[in-house]
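Hi everyone, thanks for coming. Let me put the structure up, and then I'll walk you through a few parts of it.

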Amino acid sequence: MKISKLRKRIVLKNGTILDPLAGTQKKGDILIKDGKIEKIGKVKPPNAADIIDCEGLIVTHGFCDLHVHFREPGREDKETLESGSMAALAGGFTRVCVMPNTDPPLDSPESIRYTVDRSEECPIHIHPIGAITKGQAGQELTEMGAMLSEGAVAFSDDGLPVTDAGVMRNALEYATMFGVPVINHAEDPYLKKDGVMHEGKIATHLGLPASPDITESNMIHRDLELTELTGAQLHVPHVSSAKSVHHIQEIKKKNEKISAEVTPHHLFFTDESLKTYNTNLKVAPPIRSQVDRKALIKAVKDGVFDCIATDHAPHTIEEKEGTFDLAPFGMIGLESCFGIVNQVMVIKNNMDLVKLIQMLTVNPRKIMDFETDLFAKGVNAELTIIDPNEEWIFSKTDIYSRSGNSPYVGESLIGRVKYTIVKGHFTSFS
Amino acid sequence: MKHKHLLGLEEYPAEDIQTIIDTAFSFREVLERPIKKVPSLQGKTIVNLFFENSTRTRISFELAQKRLSADTVNFSASMSSLKKGETFKDTAQNIEAMKIDAVVMRHPSPGAPLHLTQHIESIVINAGDGTHEHPTQAILDMTSLQEKFGRLKGLKIGIIGDIAHSRVALSNIYGLKTMGANVTLCGPATLIPPFAEDLGVSVNYNVDEVIEWADAINVLRIQRERMGGGLLPSVREYRNLFGITTERLKMHKKEMVIMHPGPMNRGVEIDSAIADSDQAIILDQVLNGVASRMAILYLLLGGKQEKEKN
């Protein structure tokens with residue numbers, strides 16, 4: 001990875017310009033002047049301009065991930081805002097939302113301010129999501145108003161569900177005043193118990209405690225109905241089961257305030273992959289059956305999901321080297337994201353590349369009310385340039401996270417991020 | 001033997017299971033001699049790595065090793081450095097650095113033996129991994145059944161009790177199915193694993209029907225901690241519905257072999273009078289345990305070649 005300051009003038013030459021907002025792609029050039037979009041179309045390179053040959057490449061909006069864990073403050077040994085930013089850049093992500101399950105959690109205006117200040121020094125845009133409840137304890141609401149003033153963009157107790165339906169109702173109702181999304185990690189703890197994987201044939205063979213699909217879908221259904229009741233904006237994270245897809249699809253038809261995300265790993269793996277007790281595949285919610293995976297893929301194509309989110313969750317090698325039942329939940333996913341979802345959705349399931357890119361760019365930005373017209377003249381350049389056809393083997397050296405808990409090492413991916421432009425810097429990957 | 005290690009019976013070939021059982025019978029003969037020791041594994045070093053309490057399995061393995069003249073070292077979690085924060089990987093690698101040939105491991109986590117094979121070169125024998133498998137127990141159970149019936153193929157075996165939390169049950173199911181026996185699981189619905197039928201077995205909640213059907217029943221221990229955990233209402237209810245009680249067996253007037261892997265909760269899952277009766281082969285299982293483990297160690301540690309050289 002090489003990061004350099006943007007020159008005064010830079011021309012992205014002969015790329016396929018994919019505009020996810022307009023839903024179009026056409027060949028052309030982009031002129032960036034003083035870090036801002038100056039002209040799109042046919043550009044005659046001015047003198048002393050850097051020219052980037054984009055022949056055969058796709059030039060599009062910088063990717064945006066609504067769901068990452070950067071572990072700062074508290075577990076800087078796993079990830080920092082800085083190291084997480086590098087992982088994001090490598091995955092083409094110029095903007096991310098960080099989850100508040102840090103130590104201490106982001107449950108106060110002061111901790112939101114800390115994250116915002118620290119993020120200013122980072123090479124990508126980072127937006128904190130505030131906790132729904134104090135200490136993520138699922139009881140008392142946080143000072144949402146003050147946290148929003150300091151820069152929070154949504155609320156979630158991610159990692160932990162808001163178990164008490166009454167508290168969830170209050171949170172949704174309270175958040176309606178501000179018109180921001182509430183995100184609930186849906187896993188009913190009474191059904192989950194000590195489950196470490198999806199309840200199915202494989203878990204029975206492995207002798208591992210497991211939790212059924214309704215552990216998730218039951219709580220998602222509750223949240224959807226509470227959203228109907230309160231008129232709040234609900235964003236459903238990391239959906240893993242066919243039953244959950246069904247509930248979301250039904251209620252989304254009549255309620256525009258509901259959005260949902262899916263992760264690359266739930267689209268790529270099934271519980272069969274856990275047969276070797278690979279702790280890097282231990283995630284929450286768990287990787288489920290082939291039936292669920294197929295339902296998720298279909299839901300992506302049918303537009304049930306608004307966006308792809310990685311749920312990038314770094315853990316140390318030492319923690320993941322333990323036995324499966326004791327290893328922490330989570331895998332990293334930023335660096336490998338595009339190569340995985342492009343392969344699963346575009347190459348193997350004939351999805352339109354423009355639609356997939358929309359799920360990585362304009363759709364997540366709409367959910368968080370971020371600027372979506374990134375090709376407008378005068379906008380700060382925030383771009384990702386990819387080769388959608390490059391076949392490559394994902395290796396340890398492609399990981400920029402401080403943690404290495406990726407199950408994709410050694411996997412062959414299709415589609416690779418070549419360059420990113422954000423915050424006045426140009427990054428290239430060879 | 002097809003596999004270097006004995007991690008479980010899920011994918012263990014029938015002919016290798018049969019070889020182990022046949023070899024166990026020849027070691028049974030050794031155990032009846034006045035001098036119960038053979039030099040088969042002389043010079044081999046085996047570590048018994050027990051991360052979880054065990055009395056009978058550990059003693060059984062240790063005796064098997066001593067009867068084969070192997071050098072043995074015992075390691076148990078209570079006296080280990082695990083409590084000082086050393087990782088599983090470090091413990092394993094440290095022990096292997098001392099030049100050993102095999103590790104017999106008991107561990108509370110499913111999959112731990114497979115995990116161990118990724119860190120060390122030695123032969124690994126699973127002596128129970130959490131709620132996953134306990135292959136040597138299943139082999140000694142099959143040895144005992146073969147001794148009693150002269151065959152395994154076509155036998156009707158009922159496994160009764162807490163199946164969901166039992167490594168003994170899962171290994172028995174895999175082994176018995178591979179050897180052509182029929183298996184029916186019987187126990188409270190909360191203690192039968194989901195997707196049990198996928199294991200190729202039947203499930204029947206009526207213990208009397210299972211008793212009528214079976215050639216032998218394997219009675220599993222009911223752990224008292226399952227009561228109150230919401231899985232079982234009471235001992236009384238369990239005994240009424242599933243207990244192998246004197247009254248129940250009187251009602252059936254049936255010749256049947258009764259097995260129990262131990263340790264027994266007398267008066268809970270099985271009555272004392274039944275456990276001590278002629279139809280119970282519980283102590284034969286214990287003796288066959290030593291013989292079967294001798295066979296496993298001998299076959300996996302290349303004892304054969306040693307013997308041929310002698």
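This is a predicted model: local features need pLDDT of at least 70, side-chain atom pairs count only at pLDDT 80 or more; totals for chains, interfaces and linings use all residues.

Residues are numbered from 1 along each chain as its sequence is written, while chains are lettered from A and ligands numbered from 1 in the order in which they are written.

So, chain B. It's divided into domain 1 (14-134 + 289-309) and domain 2 (135-285), with bounds from an automatic or database domain assignment. Their centres, taken over C-alpha atoms, are 26 Å apart. Domain 1 of chain B puts 20 residues into the contact and domain 2 of chain B puts in 19; contact here means C-beta atoms, placed from the backbone, within 7 Å.

Next, His3(B). You'll find it in the segment before helix H1 (14-31) of chain B; helices (H or I, at least four residues) and strands (E, at least two) are DSSP runs, numbered from the N terminus. Between His3(B) and Asp141(B) there are 21 Å in space, C-alpha to C-alpha, and 138 residues in sequence.

Over to chain A. Five strands make an open sheet there, ordered E10-E11-E14-E15-E16, with parallel pairing; strands pair if DSSP finds at least two bridges between them. At the edges sit E10 (155-156) and E16 (307-308) of chain A, each pairing on one side only. Strand E15 (residues 258-262) of chain A pairs with E16(A) in the parallel sense, over two bridges. Opposite Cys307(A) in E16(A) stands Glu261(A).

Conventions
Two residues are in contact if their C-beta atoms, placed from the backbone, lie within 7 Å.
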